[in-house]
Amino acid sequence: MNDLITILYAAIASGTIILYATIGEIITERSGILNLGVEGIMLMGAFFGFYLAYTTESLLLAIVGAAVIGGLMGLIHAFMTITLQANQVVSGLALTMFGTGASAFFGVSMVGKTLRTSFEVIPIPILSKIPVLGEILFNHNILVYFAFILPLIVWFVFNRTRWGLALRSSGEEPLSSEIMGIKVIKVRYIATIVGGIFIGISGAYLSVAYSRLWVEGMTAGRGWITIALVIFANWNPLIAYGGAYLFGGLTQLGLNLQKFNIPFPIILLKSIPYVFTLLFLLFISLKGKRSNLPKALGESYFRESRG
Amino acid sequence: MFKIKLEQKERVSKREELIITLSAIGIAFVLSGVFIALNGVNPFVALWKVITSALGSPYGISETLVKSIPLIFTGLAVGIALNSKLWNIGAEGQLFFGATFATAFVIYGPVLPKPLELTVLVIIGAIGGALWAAIPALLKIKFKMNEVISTLLLNYVAINIADYFLFGPWKGKDNFPYTPEFPIEAKFNRIGFGRVHIGLFIALVLVVLLFIMLYHTKTGYKLRLAGSSLKAAKYAGINIKKTMFLVFLISGALAGLAGVSQVCGVEYKLHQQISTGYGYTGIIVAWLARSNPFIIVIFAVFLSILLKGADSLQIAMRLPAAVGIVMQALILFAILGSELFKNYNVKLIRGK
């Protein structure tokens, strides 16, 4: 039982990394822009967040800094794909490569450093006293709690505000949206930048709050897992909870296989997150429902072509 | 506020295209210079170092060529897929899988006479790469799974499987993760120019074969048609699924050969650093070369100049190793961004 609580607790903590990034990518993709640069943005956020936390000892600055760098990375992708109309797949790959390289380039000085500050666990009064559930859910740091409400906020914005409508219609029917007075280009720029901000924060959460150290390439494919989870979540921020925490849970369960006396070569356990991600995608494909896939996702939008 | 106005060009001259590409590379170098300067190194000195270390001596040129061999293989691998509008982002994993397969034969198989041994290793490595590429191919064909994500995720798994052997049954006597050195029968011959090995010939032969296959055979026609238009391909009675599967197998096999060429031609053993991201650099090579096999060779050499130069920057100027990845990314960005200027006249106009 205690083992299980530990595993579920870890599932929430590790699922949070992916939840932030998944929400960010959903925002971007809903506007019609596919950003495959998640891995690179996360790494930049992780490095920059750690660097600021280490040098300034201010956690707030670390998160804000990671958000800014994430937003800037989003801006690069937006400029490339919207203004310069570059292929979205290639620009995303370039962004991943750039983020991986630049974070490793600047990160050399931070390898092996330990943080003197960290996000403290804040037990939520009353709720944290609930047996089992309280231990699993309400004994975390503030970033985990914020991740609890973020998808709700984003869902609300998507479905109950004019902003959300503009965002979704830009991703579905950019041409008719423009005719209806929506500034598609502006919407897509903002969505890609805001998406980058949350992906940057996910990186900072990883390095500053979760693992509390900086290692080159420490995201280890989580950016790609995120892109898969967006599909799994059917571009719906509420299902993203399920995707991120379920994924966190299954991964933790897999990593703890030997606790349950299931023989499995320990070194191969590292593959579990990737294999699970493929299984998630397989499951979605078998179910065959991808109703929220933005129709214009990945396509360049030529405003002039209305002409 | 300024607005950008685009006017489609009527004709694009080769010369203009070349000038735009070269300017883009120039811009990428300037941006790389900024990065290098941020680390307290004079960017002009660094750029000079890149060029002289890669091209300034017979040794430098030979080392640059050594790096270009796996890049030709992975460039071809990604390029053949791209020709059919398929993204193989998994060349890195297929490279490791091919290398692991070849290494398994060296360790467990009989030692054959050299020409036979090498032939077997090349075939087995290609099969290894093709098998690893068959997984995302099947996932795409049977379950419509996006191949960008699946091929990429499988890179981590393939490297993990290689690690399993390196840290387990194949680890060295001193417990470090590398296999014993290959016997002489399993080593590619050198061609008498530094460490350049016969893998270069294999790569160049494949360049010619692939070119002929793509542009002068029925199969190649099918592959390209499937890439240009699914509708047209279906109308022409081409079995799209079969074609896709074939493309993935060829692509994986080529990436697997990059792995064989690294373990048998350069390292003479399997270890974790047989590839410094050749699978990913291959994506850039293929993209820049528009998948044309001959132009792939040119860009493979160009990028290996960068890789060799980055190695020297790391050693001589103590710049972080990642400087090479940053430079590659900037070149990709710059050329990607320059595409627009090739097809359009871009004008800044004052707007509201």
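Arg116(A) counts as exposed, at 59% relative accessibility. In this predicted model, Arg116(A) forms a salt bridge with Glu57(A), and the closest N and O atoms of the pair are 3.1 Å apart. Glu57(A) is partly exposed, with a relative accessible area of 36%.

## Salt bridges within chain B

Over all chains, the count comes to eight salt bridges. One of them joins Lys67(B) and Asp311(B), with 2.9 Å between the closest N and O atoms. Lys67(B) is in helix α3 (residues 58–83) of chain B and Asp311(B) in helix α12 (residues 293–317) of chain B, so this pair ties together parts that are 244 residues apart in sequence. Lys67(B) is buried, at a relative accessible area of 14%, whereas Asp311(B) is partly exposed, at 30%.

A further salt bridge links Glu339(B) with Arg290(B), where the closest N and O atoms are 2.5 Å apart. Glu339(B) lies in helix α13 (residues 323–343) of chain B, and Arg290(B) in the loop between α11 (278–288) and α12 of chain B, so parts that are 49 residues apart in sequence are tied together. Arg290(B) counts as partly exposed, at 47% relative accessibility. Together with Lys342(B), Arg290(B) and Glu339(B) are linked in a network of salt bridges.

## Helix α4 of chain B

Helix α4 (residues 91–108) of chain B has 18 residues. From its first C-alpha to its last, α4(B) reaches 25 Å, close to the 26 Å expected at 1.5 Å a residue. Of the 18 residues of α4(B), 14 are buried, so the helix is largely enclosed by the rest of the structure.

## The interface between chains A and B

Contact between the chains involves 47 residues of chain A and 46 residues of chain B. The two chains bury about 3,900 Å² between them, 83% of it on carbon and sulfur atoms. The count between chain A and chain B is zero salt bridges, and four residue pairs are in polar contact.

On the side of chain A that touches chain B, the elements giving two or more residues are α3 (59–83), α4 (88–107), α10 (222–232) and α12 (272–287) of chain A. The largest share, 13 residues, comes from α4(A). The residues on this side of chain A divide into 33 nonpolar, nine polar and five charged.

Methods:
Residues numbered from 1 in each chain as written. Chains lettered and ligands numbered in written order. Predicted model: local features only at pLDDT ≥ 70, side-chain atom pairs only at ≥ 80, totals over all residues. Heavy atoms only, no water. Contact = heavy atoms within 4.5 Å. Buried area = accessible area lost by both parts, 1.4 Å probe. Salt bridge = Lys/Arg side-chain N within 4 Å of Asp/Glu carboxyl O. Polar contact = N/O pair within 3.5 Å; in protein donor to acceptor, adjacent residues only side chain to side chain. Helix = DSSP H or I, 4+ residues; strand = E, 2+ residues; numbered from the N terminus. Nonpolar A, V, L, I, M, F, W, Y, C, P; charged D, E, K, R; others polar. Expected span 1.5 Å × (residues − 1). Buried < 20%, exposed > 50% of the residue type's maximum accessible area, 1.4 Å probe, protein only.
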